[in-house]
Amino acid sequence: MAAPVAAPMFPLRIHDLRWHAGGRAVLDGFSLELDGEGITILLGPNGAGKSVFLRSVCGLLQPDGGHLDWGGGPRPAFGVTMVFQQPKMFRDSVQANVELALRPLGVAAAERRARAQAVLERVGLAHRAGDSARGLSGGERQRLALARAWITRPRLLLLDEPTASLDPSSVDAIERIVREIRTEGTRILMTTHNLGQAMRLADDVVFIDAGRVCEHAPVQRFFARPASAAARLYIQGELPWRLAF
């Protein structure tokens, strides 16, 4: 089967997204523009709308209002992949879980096998290829989920707190993989509550509060001189040390 022709995706312009749940506006006029390179970290308090926004971008959730403009057109048919905080594993081997991501793309069996073996090497799971995916540790599951996304060569990868509740060595491994995926040209949008992680990974930061973008700035400027009062309070409250602005 011939590879599908890639549709325009960037710049991605998000216009006035709105979504309500339980009578509350979770997204309340969310607007943002993103180019096609780098890692953008989404920060903000619990309930700010970060995860709902990612699900809207991925197409898992239909907003009540607003729209997304993908490089001047509609949502592409492929090329957008999301990894969740607690990814689901199929009742099969690690290798089969990775290969499964290529089936909808029409990749031949031999190529699926070769690409799966290669990506498992890169995430440090080649030695577990024949094991049950459901027997992996939390950190290994997250690495498998990243491998399953990476193998499709996505143009936009959405990560929803991929290192939450993981130990430091697992966090380090996930961050290394995320950097490698970015180096290969994938655009990444990622949520985290770990501000140290945001400083290490981000090219730019989007600060979200009450369903709106309060601030979008390069990472160094955001942490050195946050422009909004909400961002200043968030940084001061979340870091293990206190900063004065």
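Biologist: Which residue of E9 does Ile208 stand opposite?
Modeller: Ile208 stands opposite Val213 in E9, and please keep in mind that we are looking at a predicted model.

Biologist: And in what sense do strand E8 and E9 pair, parallel or antiparallel?
Modeller: Strand E8, which covers residues 204-209, pairs with E9 in the antiparallel sense, and the pairing runs over six bridges.

Biologist: What order do the strands of the sheet have?
Modeller: The sheet is an open one of six strands with mixed pairing, and the order is E5-E6-E7-E3-E8-E9. Its edge strands, each pairing on one side only, are strand E5 (80-83) and strand E9 (212-218). On average, and with direction ignored, neighbouring strands of this sheet are turned by 20 degrees against each other.

Biologist: Which strands does helix H1 touch?
Modeller: Helix H1, residues 50-58, packs on the sheet and touches strand E3 (39-43), E5, strand E6 (156-160), strand E7 (187-191) and E8. The direction of H1 makes about 150 degrees with that of E6.

Biologist: What about H4, which strands does that one touch?
Modeller: H4 packs on the sheet as well, touching E5 and E6, and its direction makes about 175 degrees with that of E5.

Biologist: Switching topic, where is Gly135 found?
Modeller: Gly135 lies in the loop between helix H3 (109-122) and helix H4 (138-150).

Biologist: Why does Gly135 count as exposed?
Modeller: Gly135 counts as exposed because its relative accessibility is 52%, and exposed means over 50%.

Biologist: How many residues apart along the chain are Gly135 and Arg91?
Modeller: They are 44 residues apart along the chain, while the C-alpha atoms of Gly135 and Arg91 are separated by 9.9 Å.

Notes:
Residues numbered from 1 in each chain as written. Predicted model: local features only at pLDDT ≥ 70, side-chain atom pairs only at ≥ 80, totals over all residues. Heavy atoms only, no water. Helix = DSSP H or I, 4+ residues; strand = E, 2+ residues; numbered from the N terminus. Buried < 20%, exposed > 50% of the residue type's maximum accessible area, 1.4 Å probe, protein only. Pairing = 2+ DSSP bridges. Axes fitted to C-alpha atoms, helices over the stretch in contact; angles between N-to-C directions. Contact = heavy atoms within 4.5 Å.
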